[in-house]
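Here is a report on pockets, a surface patch and charged pairs. Keep the sequence and the 3D view at hand while reading.

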Amino acid sequence: PQIDEFTEVFLQNLMHFGPNVEYEVVRKGFFPRGGGEVNLFVEPIKSLRPINLTDPGKVVSVTGWCFCAGTLPIKVAESISRACKDEIRQANSPVLSGVRIDIETYKEAPNAAFGNGSGIVLIAKTSTGCVLGGSALGSPKISAEETGRRAACELLEAVECGGCVDKHIADQMIIFMALADGESTLRTGPLTLHTESAIHIAELITKAQFSVRNDPNSNSWLIR
């Protein structure tokens with residue numbers, strides 16, 4: 001995932017288990033050259049507390065960051081952002097009715113990124129404290145507009161799935177649920193192969209036992 005998605009979505013969900021994590025983004029890097037640098041500062045804890053994320057609530061805000069770096073002009077980021085907003089607006093999703101879409105668009109400073117790149121990260125927050133995301137990276141193989149549409153579709157899938165986390169976060173939560181001191185419950189959207197694999201591996205490594213069932217009243221799944 002992009003570093004902004006890691007810090008603004010994954011870390012926010014990880015903190016439900018109790019750890020305190022701070023970070024410093026020195027610079028971003030882009031495929032295939034890389035060159036990004038991030039410092040993480042983690043305060044050790046004796047145990048992880050169990051989570052009970054079962055109520056997705058209602059979406060109260062959608063914010064985002066859309067950027068370009070290197071020799072790419074700012075109009076690339078502007079095109080991504082505009083296409084993303086248009087796609088969300090045209091979807092007319094009931095779960096986003098009345099919710100403002102606020103995307104900051106900018107060009108990275110020369111010392112804040114290594115190489116050429118572009119991308120967008122969207123963050124949806126709900127009334128019950130859930131944090132879900134959608135994102136896309138620019139590529140020479142696709143238009144800036146398609147990058148924006150991909151991010152919009154990913155966010156729409158996340159907020160409409162009925163889960164408390166998006167599909168990219170769900171599988172990453174499994175190992176922490178297995179290691180937590182007590183029983184955890186997590187509501188997700190339709191299970192991905194990554195999540196099913198994470199459950200299988202976590203059970204083998206930790207001897208924790210998981211149960212998964214579909215909620216007949218929604219499109220979501222409950223993982224315990």
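Helices and strands here are DSSP runs, numbered from the N terminus; a helix has at least four residues and a strand at least two. The model is predicted.

## The largest pocket

Probing comes first. Rolling a probe the size of a water molecule over the atoms shows where empty space is left. The largest pocket holds about 660 Å³ of space. Its lining counts 32 residues. Nearest the centre of this pocket lie Phe30, Phe31, Asn116, Gly117 and Ser118.

Six elements each supply at least two residues of this lining: helices H1 (3-14), H2 (74-91) and H3 (144-160), and strands S1 (20-29), S2 (37-43) and S7 (117-126). Strand S1 gives the most, with four residues. By class, the lining of the largest pocket has 16 nonpolar, 11 polar and five charged residues.

## The second largest pocket

The second largest pocket has a volume of about 170 Å³. Its lining is made by 16 residues. Glu157, Cys161, Asp166, Lys167 and Pro190 lie nearest the centre of this pocket. Two or more lining residues come from H3 and from helix H4 (167-179).

Sorted by class, the lining of the second largest pocket has six nonpolar, six polar and four charged residues.

Tyr23, Val25, Val38, Leu40 and Val42 make a nonpolar surface patch of about 390 Å². Strands S1 and S2 each give two or more residues to the patch. The largest share is from S2, with three residues.

Tyrosine 23 sits in strand S1.

## Salt bridges

Side chains of opposite charge can pair when their charged atoms come close. The structure holds eight salt bridges. Three of these pairs are described below.

Lysine 28 and aspartate 4 meet through their side chains, at 3.0 Å from N to O. This pair links distant parts of the chain: lysine 28 is in strand S1, aspartate 4 is in helix H1, and 24 residues separate them. Both lysine 28 and aspartate 4 are buried.

Arginine 149 forms a salt bridge with glutamate 146, and their closest N and O atoms are 3.3 Å apart. Why are these two residues separated by about one helical turn? Because they are three residues apart in helix H3. Arginine 149 is partly exposed, at 32% relative accessibility. Glutamate 146 is also partly exposed, at 25%.

Aspartate 215 pairs with arginine 187 in a salt bridge, with 2.7 Å between the closest N and O atoms. Aspartate 215 lies in the loop between strand S10 (212-214) and strand S11 (221-223), and arginine 187 lies in strand S9 (residues 185-188), so the pair ties together parts that are 28 residues apart in sequence. Aspartate 215 and arginine 187 are both buried.

One network remains. Asp4, Lys28 and Glu108 are joined into it by salt bridges that share partners.

Definitions and conventions:
Residues are numbered from 1 along each chain as its sequence is written. This is a predicted model: local features need pLDDT of at least 70, side-chain atom pairs count only at pLDDT 80 or more; totals for chains, interfaces and linings use all residues. Side-chain values use heavy atoms; hydrogens and water are left out. On a 1 Å grid over the protein atoms alone, a cavity is a set of points where a 1.4 Å probe fits but cannot get out, and a pocket is an open set with protein on both sides within 12 Å along at least five of seven lines; lining residues have an atom within 4 Å of a point. Grid points are joined across faces, edges and corners, and a volume is the space filled by probe spheres set on the points. Ala, Val, Leu, Ile, Met, Phe, Trp, Tyr, Cys and Pro count as nonpolar, Asp, Glu, Lys and Arg as charged, and the others, Gly among them, as polar. Patches are made of residues with over 30% relative accessible area and no salt bridge: like charges are joined within 9 Å, nonpolar side chains (Val, Leu, Ile, Met, Phe, Trp, Tyr) within 5 Å. Accessible areas come from the Shrake-Rupley method with a 1.4 Å probe; for residues, only the protein chains shown count as cover. A salt bridge is a side-chain nitrogen of Lys or Arg within 4 Å of a carboxyl oxygen of Asp or Glu. Buried means under 20% relative accessible area, exposed over 50%, partly exposed in between (1.4 Å probe, protein chains only).
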